[in-house]
Amino acid sequence: MKTQQNRVLEGIPASPGIAIGPAYLYGRPEFVIYRRKIREEDIPKELARFEEALIKTRKEIMELQKSLAKKGASSAKIFEAHLLLLEDRMLIEEVINELKKKKLCVEYIFSQVLKKYINAFSQMEDDYIRERTADISDVGKRILKHLLEQDKGHVLELPEPSILVAHDLSPSDTATMSKENLLAFITDIGGKTSHTAIIAKSLEIPAVVGLGIATRVIKPGDLLIVDGDEGKVIINPDSKTLQRYQKEKDKTLVSVRQLESMLGDLPAETLDGRRVTVSANMEFPSEVESVISHHAEGVGLFRTEFLYMGRQDLPSEEEQFEVYRHIAERLKPNPVIIRTLDIGGDKFLSQIDMPQEMHSFLGWRAIRFCLARPDIFKVQLRAILRASAYGNVKLMFPMISCIEELHSAKKILAEVKRELSRKKIDYDKDIEIGAMIEVPSAAVTSDLLAKEVDFFSIGTNDLVQYTLAVDRANEKVAYLYRPTHLAILRLIKLTIDNAHANGIWVGMCGEMAGELPLVVLLLGLGLDEFSAPPISVPKIKYVIRNVTYEEAKKVAEEALSKGSADEVEEYLTSTLDGLLNRCLKDTVCELRDVSPWLKKRK
Ligand code: PEP
Ligand code: MG
């Protein structure tokens, strides 16, 4: 009998779908050591890592010793023994020999040898020697910490199809982990629009975040059901629950496929003829095929930072050019909006020395970073411009907060264009330039910004966090993170109105664009383009094709007249429930398939 049966944990739905499988616990990095195979030619590199870790540990201990000695602490002497252990030939040679023999990563080999030593010492009769066990363990942990630090870039691989259970996953962990055998992931912390959640959606892996206690109550091997639509996890379900979810899982797949085949390449046009664009967001170059298979009408946001993450060096102009060119050619004549590097916030690059900031989302992020590092910025701009000669490429600047930033970015872009022209390198001379509207100051001054660009794309993931002062990745304040807050609806309306008054089009690439009940509202506000994860594209198109623009305008008007987010959501639930059910009557889909949002609020 399992320790807990049918226990339900409630979290935040981060990526839709249902997954069923055993739990694989991913502990905090300093305590988890993976058994990773290495190749013969990797042996010298692994041994060099070992040597480096020993040197670092020695330095660390000596510094500690010095500072304790300065304070007159007698404990400084203890570290003499630790330093001696670092030179223990027997231990070092055993690690080297085992590594060569077994061809496994050095941290795994070292941890095994260490365990053996600790066991042997703890069984010694001599009290003095036995007490040295703690010293060995202490030094061993320091060495391991250094080995694991160097090893951050390594990819986590699951040994069998499993559900990954972690306290937290950084966007870089998620982006670099192997997807083989990964059925779903769940985390203790995190918010709906954290980049980790966004990556899960782009990979089409169900995910629930903000579960609070998952890593404390779930044991390795527990059978889990992950319901990514409703944000629920069921631990060791009974057979009835299991059957119900298995059925639900199969049906969801069928209904999504049915929707897709019904729609095919049909345009996103309302019943009374208003035509909008539904495009896809993408994070990884390989996703271009899924953009095509889900019939998106182009890419509304390519988050280029994932090209830079999980590696030791920066991507060269040539490498970036090849990626952008490939995507542009594959999607031609549909557009690809390439967003310039948006690091900082919750995305960091190990190859660049970025300061630890108290409020990283408000700090050295996105365009601020790029303007401070024109060397890095220009490489990317050159690559994007060069790719524009091969398809319909548009360029977009993230996190614009004032007009001066836009001027500076455009000035650098003009320099790069001149440079290319001088060298007679081809690029699209009329390439469209856009600004993301994701900072409240940009939305409020969108009348001024509109005169500087060809289009806007509203980034609600950030707009919500900055306007409502709610960290998008913090589950504790997730209840306050509401795109239906009237401040958000009003800022969106203002941005769309200002864009249209200045003759430019406006899209939305934040997650809000893929929330179906809000699609109707946004349509009614006059949004021209919706960009969401590829998997959401058919559903968005379906809703748009089954309402009239007049209907949508009324929904928007009515929603804006409400007094609170609660009232807006109540209104949308009552109105759209009927409307969407009407749309679905000829399909095998249920409300749950198209809109967990409505289902959850019932
Ligand atoms: C946004 O902020 O809405 C957006 C699309 O950008 P990101 O999620 O990458 O910050
Ligand atoms: Mg953003």
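Pro-333 sits in the loop between α11 (317-331) and β12 (335-339), where helices (H or I, at least four residues) and strands (E, at least two) are DSSP runs numbered from the N terminus. The peptide bond that leads from Lys-332 to Pro-333 is cis, with omega near 0 degrees. This is a predicted model, in which local features need pLDDT of at least 70 and side-chain atom pairs count only at pLDDT 80 or more, while totals for chains, interfaces and linings use all residues. Residues are numbered from 1 along each chain as its sequence is written, chains are lettered from A and ligands numbered from 1 in the order in which they are written, and side-chain values use heavy atoms, with hydrogens and water left out.

Strand β12 runs parallel to β13, and five bridges join them; two strands pair if DSSP finds at least two bridges between them. In this pairing Pro-335 stands opposite Asn-392 of β13. Strand β13 (residues 392-397) in turn runs parallel to β14, to which three bridges join it. Here Met-396 stands opposite Gly-434, and Phe-397 is opposite Ala-435.

How many of the six residues of β13 are buried? Five of them are, so this strand is largely enclosed by the rest of the structure; buried means under 20% relative accessible area, exposed over 50%, and partly exposed in between, with a 1.4 Å probe and protein chains only. In β14 five of the five residues are buried, so that strand too is largely enclosed by the rest of the structure. In a regular strand the side chains alternate between the two faces of the sheet. Both faces of β14 are covered, with Ile-433, Ala-435 and Ile-437 buried on one side and Gly-434 and Met-436 buried on the other.

**The magnesium ion**

Which residues coordinate the magnesium ion (ligand 2)? Glu-438, through OE, and Asp-462, through OD, do so at 2.0 to 2.1 Å; donors are N, O and S atoms within 2.8 Å of the metal (3.2 Å for Na, K and Ca), and because water is not among the atoms, sites may look incomplete. Glu-438 lies in the loop between β14 (433-437) and α15 (440-444), whereas Asp-462 belongs to helix α17 (residues 460-468), so the pair ties together parts that are 24 residues apart in sequence. Both Glu-438 and Asp-462 are buried.

**The surroundings of ligand 1**

Ligand 1 is surrounded by 17 residues, the closest of which are His-195, Arg-303, Gly-459, Asn-461 and Arg-472; a residue is near a molecule or strand if one of its heavy atoms lies within 4 Å of it. By kind, the shell divides into four nonpolar, five polar and eight charged residues. At least two residues of the shell come from each of α7 (195-203), β11 (299-303) and α17, and α17 gives the most, with three residues.

| Residue | Atom of the residue | Distance to an oxygen atom of ligand 1 |
|---|---|---|
| Arg-339 | N or O atom in the side chain | 2.9 Å |
| Glu-438 | polar side-chain atom | 2.9 Å |
| Gly-459 | backbone N or O atom | 3.4 Å |

Taken alone, ligand 1 exposes 290 Å², and the protein buries 100% of that.

**Ser-531 and two asparagines**

Ser-531 lies in strand β17 (residues 529-532) and is buried, with a relative accessible area of 0%. Its side chain makes a polar contact with the side chain of Asn-281 at 2.6 Å, and a polar atom of the Ser-531 side chain also lies 3.3 Å from the backbone oxygen of Ala-280.

Asn-181, found in the loop between α6 (171-176) and β5 (182-187), has a phi near 70 degrees, a positive value in a residue other than glycine. Is Asn-181 buried or partly exposed? At 23% relative accessibility, Asn-181 counts as partly exposed. Asn-236 has its place in the loop between β8 (232-235) and α9 (239-263), and its phi, near 45 degrees, is likewise a positive value in a residue other than glycine. Asn-236 counts as buried, at 4% relative accessibility.

How values were computed:
Polar contact = N/O pair within 3.5 Å; in protein donor to acceptor, adjacent residues only side chain to side chain. Areas by Shrake-Rupley, 256 points an atom, 1.4 Å probe, with all protein chains shown as cover. Nonpolar A, V, L, I, M, F, W, Y, C, P; charged D, E, K, R; others polar.
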